[in-house]
Amino acid sequence: MLLAPWRLWALQSDECAWQITLNKFESLGQNTADRDRFFHQDPVDTVQHVFKRLVDSPIELDKKYLGFPYYLKISLSCLGNNSKAMIRKGHLTGLKPVVLVTFHSPVNFYRWKIEQLQIQMEAAPFRNIEPCRAEEVCGMSWYAPMPTKNGSVVMHVDVSSNGLGLHIHKQRFYMNINGFLKMSEGKTLQFTVGNELFNMKPQYFVNAPSRPLWYTAEQSPVLILGGIPNEKSILLSDTSFKDFSFVELNIDSCWVGSFYCPQDTFTATIYDTISMESTLFIRQNQLIYYITGTYSKLQVYSKTGTWTRVLANECIKKLCPVEFHSNGSEYIIALTTGKNEGYVHFGTITDGQVFFEMLPKWRSVCADLKVQNCSIIWGIFQGEERKLLLLVEIVTNKTYLVVSYSLVKDNVCVLYTLPEYVPDGRGLEFLMIQGAESYTNTPSLPKGLHYNPYNNLLFIWGNFILQSYDHENYLYLADFTKESTIKYVTNSFQGDLAIVTETEEIWYLLEGSYRVYKLFPSEGWDTFVNLQRMWHSPLYTSNETLVTIFYENKKLYQLVYLLKGQQGQLVKRLVPVEQILVYLQLNNGYFLEQQGNHLTPTFHNLCPFSLMRLYEVPDPQMYTRQERYRALPPRVLEASGFHNQQSLAVYQGLVYYLLWLHSKYDKPYADPVHDPTWRWWKNKKQDQSYYFYLASNLQSAGGVYIEMDSYEKIYNFKSKNTLPKRIFLDKGTTYKFSIFLTAQTHSQKAQAGTSFLKNKLSVGVLLANPDCIGVTVRQIILTSHNFLFQVVLRDKSVCFDQGISGHHLKRTSMLVKVVGSPGNCFQNTHLGPSMQGNLMVPVLIGCPPGKRLAFDITFTVSYNQNQTNYFDCVKADPEMPCFHFRNIFYPFFLIQDLVTGESGSFQGSYVLKVVGGGRTRDTIKDYTEEEIRRYNDPQDKYFLWLCLENSPCYDTVPDSIFAPEFFFKVLVSNRGVDKSTYCDYQLIFLLHIHGLPFSAKRSLSYFLRSLTLFVEFVTLYLAISFLWPFTMKICNLLHLKINNMITSESYYSYISSSGVFSVPSNDSTKFPTKLNAEMADQGKEKPEET
């Protein structure tokens, strides 16, 4: 079910906006507004047959090229114009959408690599498949592959213009994988959570109370929202409510009451809903259910595919979300009532596996507080400290406490006792709670807690707001009226907090300041809505109901139900916080002055500066750790420039292979060139001019020209003089930037009697953890009105030990504030006013993602060749060169930065150990800890192979006539020995050693066997040499006798045959042979027998 505001969003900017849908391959070119759901996750073999035709191109035909299941279809939605005509106009004027896909990192960093990965593509023009009388094109769209990546199920897509043709503002879309779908027998997609409904009745939303949208921040691909009165239905979206589905859940809805579960009435309403990376939780009455989706990209597979009731014997009164994951898992808190009042059920979710534990382990919180009757109202989890913060009510005397429970120590500690009554602010913005202040007659009614792990701000909210940075000292924010009671809060975790009350009021708090602004209802809101109605915006009606509010990309959004007559629609719209604050400032900050015969309004300018700019901001990649690839579509040889299915299939395969190279680059042996794309083109780069020549003459195979330079990794992002969304700091790292300010030219009288003196500007920096990070601010006076403030943030090298790249990072933040600017300073942009003077930067301390240790095989071989008589194996493997046993092995390693492209020799200390080995790769086994200690000397910086008795390589038997070989599994680590970095570099690689000697026993055995065989051969030789003449003489005599016998036999046979068959002749027959003469002589000498 599509939401309405495709065209509606364009009202607030220009006349055209990007429109993006998901299409399967077979849907290319179809003119339909329906999108395909992101169900298929694995690559498909639909492009290999196309690549086989590219016989004369730079690609390697023997490689396997796959495609992705979906394309991104990009078009325009224009108000007051024909969208098709505007698309054609954009194409003819050179407009091409630039698509940037960002993959979110997974939760379980023990299984998946943590990285910040992006791929930038350019959408290709494609004609719609429809009847068209025009020669070239009637309808068209742009298409780009929708790539997927192992370990990532949340992706956002930024679409922007290439700077030619129409100017379309950049927009962000969420394209998340939906693991709660299944293919039915009729080959249609169905939800595993329930049945999709297509009739949303107004009574489901009109006058229904709003409810919070709870999910794991930046990790939840599917969002769900309950609260439909008397219906077991939810709203479900995998696009951050750009569109959604209305689903009736297939839960049993069974409730059996008992004496220990206080249940007044039964209702089908789904009260609490929480979305996680692969799991959804709901609460109905006092039962909770969860369901796990099927995500092959996470190796998470649902066992049942249905809802599972958990904690069936418990009475659950509330689910509390944990917005941030930690230690590779997500968490949830279930508050109980009845027999286990005073306990909490703490859930841990890892790869879809759900495990609950009742805490405290030995006795309840009530018992630790030494009270008989208490109730836990709210709970939050601090992942880094492994603590639960609980809001506890002592029922007997209506006292409220903030209690800390340590999961490590299993102890309960009272942090703070709340005041019995709401403090009296007496016109101040805030009030420090010290015990001596005055109070009103309104009792305090705390409802919940909220914690921001980046700035350590803890909020206690109800009919008041208390905030604390250290959980001990609290400030009362007096702008929030005690007549209102907060229902829920939502945080951008970048300095913004939105509040919704029981009466659907919306309040706004800028973290780091003490002002709380009422956005709705307010004069500023009324002014904004009236202007929207004057522009006939369909986003605002007189009859609307708030469903929920949430932050997305630091912007606050509403989900509201609009009722126009009998027709209703659910829309997602932006809450213009800055614009409303500007209107509030204009309404409250002016006075009338008499000028001549009439009064003229004069507005107060409460901002202390007239201009603010950032300078000298570092290039972002080193600190944001954002890896980016660029992949442009292949050039088509068709004159019109339109692509076809074959060229788009080639584009799919090239993008897939580029990401495949990225995934395979993280290997132990370093390539000679530090770039994942080097292997792709290394054998074809010298022929680049030839391929260009073919394309220039329209001779490229398949009608496409693949330009090798269009597929690369980008290392040279340039700063746009804006602070990044977050930064990573390694040990001792600094981050520097400058702020340029131009002061107001005259004093401006502000509210509360304060004034900003001429040319007096000051910049303050608030650090969430001053023990971990430090900052210096230096002011440079350029002119009487212009100032430059140089800010240097540095890590103090004390708050983190050592960790794997991207693991267990410590969250903190830096808030840079121009004094007097929060809520008073705005800059007009093409997207509306933007708040200035308050800059919050989340900081992550630890080993940044994208750093690794690699074995420098190229330099190692070169160095060993110079030091020793190096020679490779008989059967050389270029990917794994051999080293000889007799040579001392000198290894060298590289520290490679996969983000910035830097690669240098590792100069730190490290420990090198053999942790496994085998005669072949298939027989390698890991050694035990005892064996590792026995086989290694941790003080060695090089390897001298010994292979003594009782070692695994001792007495290796060769498989052939060549010397024995052995594969060693080697571990290199700098943990505990290198103090220059937070990174725990751990590298495990295989080392191929040849020329191993035999053991002494086996050598002696082989020697004796060889000697015996040698003696036997010598004896045989001598015997043959001595007897050879006699043997030859005997052989000659035998040969002669045999010849004589054969000749004699032949002669007598001939004579016999001649006497019988021949006629006598007068001539005598002569035999002129020696044999006949000898026979005649023998006949004469022989006496005659009688």
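Arg-628 stands opposite Ile-714 in strand S48, where helices (H or I, at least four residues) and strands (E, at least two) are DSSP runs numbered from the N terminus. Strand S45 (residues 626–631) and S48 run antiparallel and are joined by four bridges; two strands are taken to pair if DSSP finds at least two bridges between them. The model is predicted, so that local features need pLDDT of at least 70 and side-chain atom pairs count only at pLDDT 80 or more, while totals for chains, interfaces and linings use all residues. Residues are numbered from 1 along each chain as its sequence is written, and side-chain values use heavy atoms, with hydrogens and water left out.

S45 and S48 belong to an open sheet of six strands, in the order S8-S7-S3-S4-S45-S48, with mixed pairing. Strand S8 (171–174) and strand S48 (711–714) stand at the edges, and each has a single partner strand, so one side of each lacks a neighbour in the sheet. On average, neighbouring strands of this sheet are turned by 20° against each other, direction ignored. Helix H8 packs on the sheet and touches strand S3 (97–103), strand S4 (116–122), S45 and S48; contact means heavy atoms within 4.5 Å. The direction of H8 makes about 160° with that of S4, with axes being lines fitted to C-alpha atoms, for helices over the stretch in contact, and angles running from 0 to 180 degrees between N-to-C directions.

In the largest nonpolar core, which has 88 residues, Ile-119, Met-146 and Val-193 touch the most other members. A nonpolar core is a set of buried Ala, Val, Leu, Ile, Met, Phe, Trp, Tyr and Cys residues joined through side-chain atoms within 4.5 Å; buried means under 20% relative accessible area, exposed over 50%, and partly exposed in between (1.4 Å probe, protein chains only). Helix H8 (residues 645–665) gives the most to this core, with ten residues. Beyond its neighbours within four places in sequence, Ile-119 is in contact with residues including Val-99, Phe-103, Tyr-629, Val-655 and Leu-659. Another core, of 69 residues, lies apart from this one, and Ala-334, Ile-349, Phe-356 and Leu-401 are among its members.

Two hairpins were examined. Strand S37 (residues 506–510) and strand S38 (residues 516–520) pair in the antiparallel sense over four bridges, and Trp-507 has Lys-518 in S38 as its bridge partner. Five residues lie between S37 and S38 in this hairpin, and Gly-512 in the turn has a positive phi of about 100°. Strand S57 (residues 826–829) and strand S58 (residues 832–835) also pair in the antiparallel sense over four bridges. Here the hairpin has two residues between its strands, and Thr-829 stands opposite Gly-832 in S58. Gln-585, in helix H6 (residues 577–588), touches Phe-826 as well as Leu-606, Gly-823 and Asn-824, not counting residues up to four places away in sequence. Gln-585 is buried, with a relative accessible area of 18%.

The whole structure contains 55 aromatic pairs. Rings of Phe, Tyr and Trp (its six-membered ring) pair if their centres lie within 6.5 Å; planes under 30 degrees apart count as stacked, over 60 as edge-to-face and the rest as tilted. The ring centres of Phe-855 and Phe-889 are 6.3 Å apart and the planes are at 70°, so this pair is edge-to-face. Phe-855 lies in strand S60 (residues 851–855) and Phe-889 in the loop between strand S61 (882–884) and strand S62 (893–897), 34 residues apart. Phe-855 is buried at 0% relative accessibility, and Phe-889 is buried at 1%. For Tyr-927 and Tyr-935, the centres are 5.1 Å apart and the planes at 80°, so this pair too is edge-to-face. Tyr-927 is buried, with a relative accessible area of 8%, whereas Tyr-935 is partly exposed at 26%. Ring pairs also link a cluster that includes Tyr-669, Phe-855, Phe-883, Phe-889 and Phe-989.

Cys-882 is found in strand S61 and is buried at 1% relative accessibility. Not counting residues up to four places away in sequence, Cys-882 touches Tyr-870, Phe-871, Asp-872, Cys-873, His-992 and His-994.
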